[in-house]
Amino acid sequence: MPEFLTLSEIVKKAREKLDQGAWDYLRGGADTESAVRRNREAVESWVFKPRVLNDVSSVDATTEFLGVPLRIPVVMPPIGSVQIFEEGGGASVARAAKEFGILQILSSVCWPDFETLAKEVPGPRIYQLYLVSDEAWMDDIIERCMEAGYTGFCLTADTQTYSRRERDIMKRWIPLSGRVTGGGDFSPQAKMTWDTVAHIKEKFDIPLVIKGVGVAEDARLCVEAGVDVVYVSNHGGRQLDHTRGCIDALPEVTEAVAGRVPVLVDGGFMRGADVVKAMCLGATAVGMGRFEALAMAAGGESALLKALEILEHEIKTTMALAGIDSIAGLTPDLVERQYPLRPAHVLSAFPLIEEGY
Ligand SMILES: Cc1cc2nc3c(=O)[nH]c(=O)nc-3n(C[C@H](O)[C@H](O)[C@H](O)COP(=O)(O)O)c2cc1C
């Protein structure tokens, strides 16, 4: 009997395997965690308006992002300290992503480091950096990142300072990444401006991703500044609390970007249907952070691979039942916003676990 046939089983296994500190780091957010709940509530609030009598005997969920073919419109976002969840860390994610056929965005605060990983698991990949030193330091990293063959370079803009994550603070629990960087000196992050973007665009020929965009105006400024990918994110509700659910920011951002550059989105996406909703609202691909971390905790590379296979099945099933056979056919008229059914929370995509299955 295969170990996992549903994503719920993978989440359940992750909970069994993690100690309380790692579990809370994974699921937790900033302050009151309202942004964590809003991400999920917003995703659950979009519902389908399906079409019938279209031939969906063959559903194609493949797409392309920055010239890289994606088997499903999903990327694995940066997860700091991912080695807490499984010892292979970023390398296990890289192997699963490569074998399945999607793109990984590697965090600068996880193991192995980006150059070691590029040698261990060659292939298309984006590198995400937190600025913890000056511009010369950043330039050196970007150069090395290009030499190591990275597909793109990502700056996370929503981490001007490290937020207050009370689950961790109240246990005096510090993530490994914080221990590595001496408690996390994010002060250079607070100094990042549009000049930083202009500097990178002027000096380097590597696609630049800005992660953490939340409003149309910043998306427009990104495009005008030559940013190559606009990444809508509130860091999974782990940075500024009391933000909108990210899927609710997507329509205004895709309208502002108007197809000029790809748009990534993350925040609360846990299931195949969630991914399809974001694609209807104009995303190029969807990041799934806690999905990635949960699968890693459940069983590393093999569990993540299995989770992606189940996710693909969910995506294709949803598309067929919505009457659409290709990613290009997913359009805004297929969804509308409805009142939420119940208060959402970080794992409310898995109601059967709550019921005790
Ligand atoms: C445990 C954990 C660690 C994270 N570490 C990083 C990081 O190092 N860099 C970053 O840009 N975002 C980081 N994020 C945010 C994710 O990249 C992503 O934006 C977020 O998880 C999306 O929300 P979701 O978890 O609801 O899918 C982290 C998220 C989690 C859950």
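Reader: How many residues surround the ligand, and which are the closest?
Author: In this predicted model, local features need pLDDT of at least 70 and side-chain atom pairs pLDDT 80 or more, while totals for chains, interfaces and linings use all residues. Residues are numbered from 1 along each chain as its sequence is written, and side-chain values use heavy atoms, with hydrogens and water left out. Counting a residue as near when one of its heavy atoms lies within 4 Å, the ligand is surrounded by 22 residues. The closest are P78, S107, T156, D266 and G268.

Reader: Which residue has a polar side-chain atom 2.8 Å from an oxygen atom of the ligand?
Author: A polar contact is a pair of N or O atoms within 3.5 Å. P78 places a polar backbone atom 2.7 Å from a ligand oxygen, and an N or O atom in the side chain of H235 lies 3.2 Å from a ligand nitrogen. The polar side-chain atom at 2.8 Å from a ligand oxygen belongs to T156.

Reader: How much of the ligand's accessible area does the protein cover?
Author: On its own, the ligand has 590 Å² of accessible area, computed by the Shrake-Rupley method with a 1.4 Å probe.

Reader: Which elements give two or more residues to the shell around the ligand?
Author: By class, this shell holds eight nonpolar, 10 polar and four charged residues, with Gly counted as polar. Helices are DSSP runs of H or I with at least four residues, and strands are runs of E with at least two. The elements that give two or more residues are α2 (20–27) and α14 (289–322).

Reader: How far apart in sequence are the parts that K13 and E3 tie together?
Author: A salt bridge puts a side-chain nitrogen of Lys or Arg within 4 Å of a carboxyl oxygen of Asp or Glu, and the count comes to 20. K13 and E3 form one, with 3.7 Å from N to O. Since K13 lies in helix α1 (residues 7–17) and E3 in the segment before α1, the pair ties together parts whose separation in sequence is 10 residues.

Reader: Where is L53, which has a positive phi?
Author: Most residues other than glycine have a negative phi. L53 has phi near 60 degrees. L53 is placed in the loop between β1 (46–48) and β2 (63–65).

Conventions
Polar contact = N/O pair within 3.5 Å; in protein donor to acceptor, adjacent residues only side chain to side chain.
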